[in-house]
Amino acid sequence: MNILTLSLKSLRHRSFHTLLCVLMTAFSVMAGVLVILTADHMKNRIARDTAGVDLVIGARGSPLQLILSSLYHVDIPTGNMAQADADAIANNRDIAQVIPLALGDNVEGFRIVGTNPNYIALYKATYDQGRAWTKPFEAVAGAYAAQSLHLKPGSEFEGSHGLGAGGHHHADKYKITGVLKPTGTIIDRLVLTSVESVQDIHHEGKHEDHDEHAKAPEITALLVEAKNPRAVINLPRMINRDTQVMAASPAMELTRLTAMMGISSKLLIGAAIVLMVMAALSIFSGLASSLESRSDDLAVMRLLGMSRKRLFSMIVAEAGVTALLGALMGLIAGHLLFAAVIAVIEPLQASGASALVFRPGEVILFVTVVAAGLLAALIPALRAYRTDVSGLLRGSS
Amino acid sequence: MAMFDVSSVRCTAGGRTILDVNQCAIAEGDHVLLQGLSGSGKTTLMSVLAGLRKPDSGRVAFRGQDLAQMNADDLDLLRGATFGFVMQGFHLLRHLSVAENLALARYAGGLSSDDQKIKSVLERLDISHLSDARASTLSMGEAQRVAVARALMNDPAVIFADEPTSALDDLHAGLIISLLIEQAQMSNAALIVATHDARIKSRFSRVINIHGGRVAA
């Protein structure tokens with residue numbers, strides 16, 4: 001017999017209410033864990049997809065749209081830019097590397113990106129099968145795209161016009177020459193080919209018999225790596241002022257984006273805090289109401305010699321056990337739920353989201369919830385501390 | 001030296017004197033009945049003797065030690081390890097088993113757990129078969145025995161019983177008094193019973209009558 005045994009027996013005696021308190025605590029922790037895991041994954045994913053790109057240059061329009069369409073491939077591009085403009089910018093002495101992107105087609109919803117092999121190196125992707133493209137209409141598939149479309153070296157496919165599924169098919173067929181290993185970045189969901197392939201398929205300046213429609217070759221965007229931090233600041237100013245195109249900084253635009261996303265994430269955190277307070281209140285109300293019915297038991301314990309401190313500790317231990325059980329259940333449920341969300345939402349799977357990863361935020365959440373539970377026990381524990389023993393002896397006769 | 005030595009003790013409640021004892025002593029192994037009507041002050045005297053209530057004035061000594069001078073922790077220890085209590089209604093913890101109720105008495109009294117002791121006390125009271133029974137399932141007679149067993153768990157020097165027979169019929173009242181006297185004799189413990197129940201008066205060699213907070217004889 002000890003404090004913990006007594007606490008556990010008391011909790012078991014009030015099993016329905018205990019279960020209710022544990023479940024409420026578990027729900028609050030589960031919600032918190034889900035927010036932490038999702039936010040953390042998004043943050044990491046955004047950072048990984050940025051891949052050290054300092055600037056994105058493209059047609060004038062919304063800078064955020066340019067970043068989203070060129071780095072994350074989730075929005076339509078702002079337009080195209082002339083290849084000549086791109087070449088001029090690439091020759092700037094403050095630029096270490098440029099990677100061209102030519103967008104416009106997809107294969108069953110997976111974007112076909114015209115680029116050069118540096119794009120593969122940018123995401124540190126390596127080949128699982130095959131090799132890079134060497135000729136027009138050869139293509140390399142990202143791991144998730146290859147898996148979803150059953151592509152392997154030698155496979156052929158037709159591109160469709162547009163960036164989403166459902167556009168008209170182009171007559172020219174692509175041939176897969178390589179498949180990349182999974183990287184957990186956006187490249188997993190892309191099909192890569194040469195810029196020329198994308199330009200050719202759109203008949204841009206290549207077909208002599210369509211001279212009247214032919215125009216100068218265009219690309220969609222340039223991913224730029226600057227030579228130094230000063231260039232990252234100066235280049236956009238110069239490009240936006242002196243050229244017909246626009247330079248956008250991923251860091252700056254993502255700060256804006258995360259600020260916007262932050263509102264919803266703060267709402268979720270707020271909801272988790274409300275749940276946590278409710279869980280603490282349920283522990284408080286459970287203990288407080290149980291004290292009414294247990295006042296005789298507590299007085300008996302005091303009469304039998306149990307000190308006030310032990311009685312206080314017993315009530316705190318009851319709250320501690322409840323909060324601890326709830327927090328543990330919530331932690332497990334949060335990870336299980338995140339695993340279920342990953343299983344249902346394909347982009348999360350493709351981006352390498354894992355429910356087996358534990359984040360420092362979860363430790364803080366766990367400790368906070370247990371502390372809140374203990375705090376909720378203080379008033380009931382103080383009441384137990386002050387239990388009047390003499391009341392057990394009848395009346396004041 | 002008397003086990004309990006009460007001198008010039010006065011207790012008040014709401015400005016009214018509820019206990020006023022000039023001199024009273026109880027020896028080791030004494031079996032004493034504190035008798036009086038409801039509100040006469042017998043339970044207050046018992047509370048004072050057990051260290052549960054500090055008198056407004058006067059001195060209560062247990063084996064020469066002034067209870068008023070002891071700190072709360074020492075009083076808790078004294079109560080747990082040296083006194084045993086049987087209350088009206090018995091007050092067993094209903095969600096614990098009989099053995100756990102007895103184990104609680106050891107733990108609350110600051111003593112180490114002792115399964116052998118529990119077994120022997122249960123055997124002594126002929127209730128071994130109830131060891132695992134939950135207290136809430138016991139009959140009145142069984143609960144009486146378990147309450148006495150709990151009071152005996154720590155080999156007390158004094159057994160206090162407050163109105164142990166008040167709600168009982170003659171048969172059960174007689175049984176519990178017999179049990180208390182028998183067990184107190186076996187343990188060589190003093191037995192102090194506070195009651196207004198005149199049925200049990202004949203069972204005690206010493207009766208202290210209390211009227212209006214004063215010891216009559």
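Across the interface of chain A and chain B, nine residue pairs are in polar contact, both residues at pLDDT 80 or more; a polar contact is a pair of N or O atoms within 3.5 Å, where within protein one must be able to donate a hydrogen and the other to accept it, and residues adjacent in sequence count only if both atoms are side-chain atoms. This is a predicted model, in which local features need pLDDT of at least 70 and side-chain atom pairs count only at pLDDT 80 or more, while totals for chains, interfaces and linings use all residues. Residues are numbered from 1 along each chain as its sequence is written, and side-chain values use heavy atoms, with hydrogens and water left out.

**Interface**
- On the side of chain A that touches chain B, α1 (3-13), α9 (250-303) and α10 (308-344) each give two or more residues (helices are DSSP runs of H or I, at least four residues, numbered from the N terminus).
- Chain A contributes 28 residues and chain B 33 residues to the contact (heavy atoms within 4.5 Å).
- Three salt bridges are counted between the two chains (a side-chain nitrogen of Lys or Arg within 4 Å of a carboxyl oxygen of Asp or Glu).
- Arg302(A) forms a salt bridge with Asp76(B), with 3.0 Å between the closest N and O atoms.

**Cysteines**
- No disulfides are found over all chains (cysteine sulfur atoms within 2.5 Å).
- Cys11(B) is in no disulfide, as the nearest cysteine sulfur, that of Cys24(B), is 13 Å away.

**Confidence**
- The predictor gives the complex an ipTM of 0.90 and a pTM of 0.71.

Conventions. Chains are lettered from A and ligands numbered from 1 in the order in which they are written.
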